[in-house]
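Trainee: Could you take me slowly through one part of this model, the sheet in one of the chains and what lies against it? I am new to this structure and would like one connected account.

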Amino acid sequence: MTRRLSSLELLERVKVGDQAAIARLISRAEGGKPEDRAALAGVYKIAGRAHIIGVTGVPGSGKSTLVARLAASLRASGRRIGVVAIDPSSPYSGGSILGDRVRMNAVATDPGIYIRSMASHGATGGMARATLDAVDILDVAGFGTVIVETVGVGQDEVEIARASHTTVVVSAPGLGDEIQAIKAGILEIADIHVVSKCDRSDANRTLVDLKQMLMLGLSHEKPEWTAPVIGTSSISGAGFDELVAAIEKHRLIAFETERGRKRRLAIADFRLRKTAEDLLLARFNASLGQLSRSLPTRLAERQTDPYSLASELLRTLPLREDSPGAHHERDARPKIA
Amino acid sequence: MNEMLDQRSLDRLASEVASWEAQEVAAFLRKQAERREQFFTTGGIPVKRTYTVADTADTPIEDVGLPGRYPFTRGPYPTMYRGRVWTMRQIAGFGTGEDTNKRFKFLIAQGQTGLSTDFDMPTLMGYDSDHPMSDGEVGREGVAVDTLADMEALYDGIDLEKISVSMTINPSAWILLAMYVALGKRRGLDLNKMSGTIQADILKEYVAQKEFIYPIAPSVRIVRDCITYCAENMRRYNPINISGYHISEAGASPLQEAAFTLANGIVYVEEVLKTGMEVDEFAARLAFYFVSQDDFFEEIAKFRAARRCWAKIMKDRFGAKNPDSMRLRFHCQTAAATLTASQYQINIVRTALQALSAVFGGCQSLHTNGYDEAFAIPTEDAMRVALRTQQIIAEETNVTNIVDPLGGSYFVEALTNEYEKRIFEVLDYVDANGGAIRLIEEGWFQKQIADFAYETALRKQNGDKPVIGVNKFTMAEEVHGVETHPYDPGTAERQIARTRQVRVTRDEPKVQRLLDALVDVAKDETRNIMPLTIELVENGTTMGDIVEKLKGLWGTYRETPVF
């Protein structure tokens with residue numbers, strides 16, 4: 001058995017691209033334990049070079065296949081590509097980490113492409129923070145482009161896709177109730193629209209309807225960037241050159257313009273909120289452990305109401321600064337790597 | 001090669017052009033670059049700095065030809081507007097038959113020479129005025145017609161043997177045509193003297209305008225029946241107006257408009273030929289309808305090329321012998337989608353220029369849009385100005401004194417050739433991919449249009465395509481004092497009263513018997529649906545009765561929205 005390396009030691013190995021260290025440090029990020037924070041803080045400070053691409057779309061839109069193909073296309077330029085896939089365990093394939101891996105098989109053996117699934121298991125707490133930490137870890141490990149794949153359902157997933165330099169929203173034909181793409185509010189976050197599965201003739205309808213809808217949103221003020229609509233086929237490879245070109249073009253916007261600066265500020269704001277939320281929740285959960293059983297009893301017997309009691313609880317909880325060992329809530333989450 | 005030019009002249013010309021580019025052009029470019037690196041037509045076709053005879057050297061002399069002679073590039077008739085100017089046909093329709101009848105008489109008094117009828121949404125979609133779906137729409141954007149009584153009011157006091165009447169209606173067109181026939185019979189008119197046009201172009205509905213009721217196959221069969229009925233009974237009537245206008249308004253490029261329209265035309269011809277009718281028995285009455293868009297010369301080239309392509313299609317593909325079968329005749333309307341709400345008066349100028357394009361392109365009839373149509377259906381004032389615009393072109397500019405005055409223009413001929421080439425490329429693609437109906441079902445046309453529409457919208461947004469008053473030369477805080485056409489809230493009540501009156505006075509068992517018989521006719525594709533439909537409307541059957549009855553047999557066409 002190897003010695004358990006500290007996360008700071010892992011960080012040193014990550015910096016030189018040690019794949020085992022990357023996997024372990026990401027697992028530590030997922031664990032979210034206080035003793036690993038110093039290393040993750042260290043990661044953040046030296047990260048910031050990678051171009052982060054968020055890819056999102058409704059379930060069944062062919063995101064994973066598209067991401068695999070996109071990773072290979074981007075890889076062709078010589079850059080190393082990291083992929084972080086948030087797996088929703090799973091509205092569509094019942095725990096699709098394996099499913100994703102299988103679909104990404106084509107690229108899984110290239111050492112220049114690193115793929116990591118983050119399982120959310122419905123517990124959204126901490127997912128955004130852990131994902132963005134994982135992105136930074138890949139950044140520090142020298143991956144020039146990091147793709148974050150999320151399912152465009154649920155606010156957190158959408159926000160994570162948004163917390164990237166370039167957001168790609170994937171729509172696909174033949175899903176029946178694609179109106180959920182609107183309901184989920186993911187169309188308006190797109191920097192690039194992709195209609196996948198364009199080898200199918202019903203993709204025409206998707207392209208037509210998407211363009212007609214996007215036209216409604218156009219104004220007569222000249223924008224710095226207008227989201228292109230690109231049809232792709234992961235089977236034939238059609239459209240991927242165009243997609244890569246659009247991503248490259250948008251990268252310049254993201255890194256070299258005022259628009260990009262504002263975007264990075266918004267990402268930092270999101271990051272701050274999500275991390276604070278996570279820390280707060282951790283402290284809250286730790287404190288709850290010592291909660292007297294009398295409070296729920298009073299509530300169950302309707303001596304009081306949930307609102308008054310919750311206010312009382314928040315007033316009396318110490319919400320103390322957590323310390324190593326006082327941290328339980330992440331234990332419910334599976335360890336992957 | 002154009003036999004009038006020998007190789008030596010062409011070589012001399014080429015060296016002349018080369019030296020001009022090296023000297024004059026180069027000197028100017030050093031002082032000032034051109035406004036763009038490359039120039040394009042609205043439809044995205046690249047255009048050169050200038051054109052010379054070398055650009056048309058490859059054109060066979062007979063392809064340009066002469067007016068009224070195959071392939072009709074220079075016009076369908078030899079004397080064109082020297083004989084008679086185009087029909088000035090301003091579309092009108094609102095309220096009940098009586099309301100629109102008044103507008104018609106106003107327009108005739110102003111010098112209009114043909115009528116064009118716009119129907120309200122319920123009529124277009126086959127609903128009676130008292131159907132719950134019609135609520136709030138009766139007579140709003142067109143005239144409401146449920147029964148023959150409505151049509152009698154609509155054309156009351158108008159001589160239908162003298163003035164041609166066009167009806168803009170599609171999925172329910174055959175019922176309106178039946179009413180028109182019934183009206184003529186009731187007045188004792190000679191059906192073969194009644195002239196006019198019914199749009200009845202269902203394919204472009206699936207492609208662009210989206211007004212359809214039944215699935216594609218029975219819908220096309222109805223169109224076929226209109227064509228064969230008119231071929232046998234109404235010699236001067238156009239049973240279809242194969243339309244590019246709506247395709248264009250849905251955002252298509254001029255090339256897509258022309259090519260897709262001809263592709264649809266091919267389907268109709270094929271459908272009628274399947275009945276055993278000879279091409280020369282009906283093809284002469286196929287009429288077309290195109291938009292006149294904003295790119296002045298491109299539109300002219302489009303019209304000229306469409307004529308040449310159709311002539312070649314009819315002759316080479318369908319073996320037509322009669323020149324009338326090859327003669328593409330078209331109605332033209334200026335482009336409503338180019339009109340703006342901001343600085344709306346300038347719409348008059350846009351419309352005038354587009355109308356001039358249509359006239360140089362050799363249209364047979366013309367509608368010029370009202371300046372207020374970005375707000376509502378046009379007022380009388382707007383229609384008068386629009387009509388005057390045509391009258392100025394016809395009477396003051398003298399452009400009507402020469403047939404095809406732009407014929408021989410190096411640029412116009414070269415662009416016409418380019419259009420012909422590109423139209424046939426599209427038609428070849430359609431043939432190679434299973435034909436127009438198959439491609440409609442696959443959404444291929446729709447996608448081509450959406451792509452171009454989206455590109456155009458982006459170009460307007462980023463200012464690459466100027467729209468005066470909207471993205472260029474805008475004015476702060478506009479107060480438009482435009483007076484729009486009022487909607488009379490009593491319309492529906494008046495309309496419904498007449499429909500109900502017809503229903504209570506008709507021979508109900510007979511109507512039901514005829515409706516059942518109609519289903520039998522509809523089931524048998526070899527029979528023509530027109531004669532029985534005429535009998536139905538003569539007996540007080542409403543449009544809704546007929547449409548609903550056939551929905552039971554054919555069902556309806558649905559496009560599931562993707563988003």
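**The sheet of chain B**

Mentor: In S11(B), Val291(B) has Gln333(B) as its bridge partner. This is a predicted model, in which local features need pLDDT of at least 70 and side-chain atom pairs count only at pLDDT 80 or more, while totals for chains, interfaces and linings use all residues. Residues are numbered from 1 along each chain as its sequence is written, and chains are lettered from A and ligands numbered from 1 in the order in which they are written.

That pair belongs to a set of six bridges joining strand S10 (residues 286-292) of chain B to strand S11 (residues 329-334) of chain B, and the two strands run parallel. Strands (E, at least two residues) and helices (H or I, at least four) are DSSP runs, numbered from the N terminus, and two strands pair if DSSP finds at least two bridges between them.

Stepping back, S10(B) and S11(B) sit in an open sheet of five strands, in the order S3-S12-S11-S10-S9 (chain B), with parallel pairing. At its edges are strand S3 (87-88) and strand S9 (240-243) of chain B, each of which pairs on one side only.

Across S9 and S10 of chain B lies helix H10 (residues 254-274) of chain B, which runs at about 140 degrees to S9(B); such angles run from 0 to 180 degrees between N-to-C directions, and axes are lines fitted to C-alpha atoms, for helices over the stretch in contact.

How values were computed. Two residues are in contact if their C-beta atoms, placed from the backbone, lie within 7 Å.
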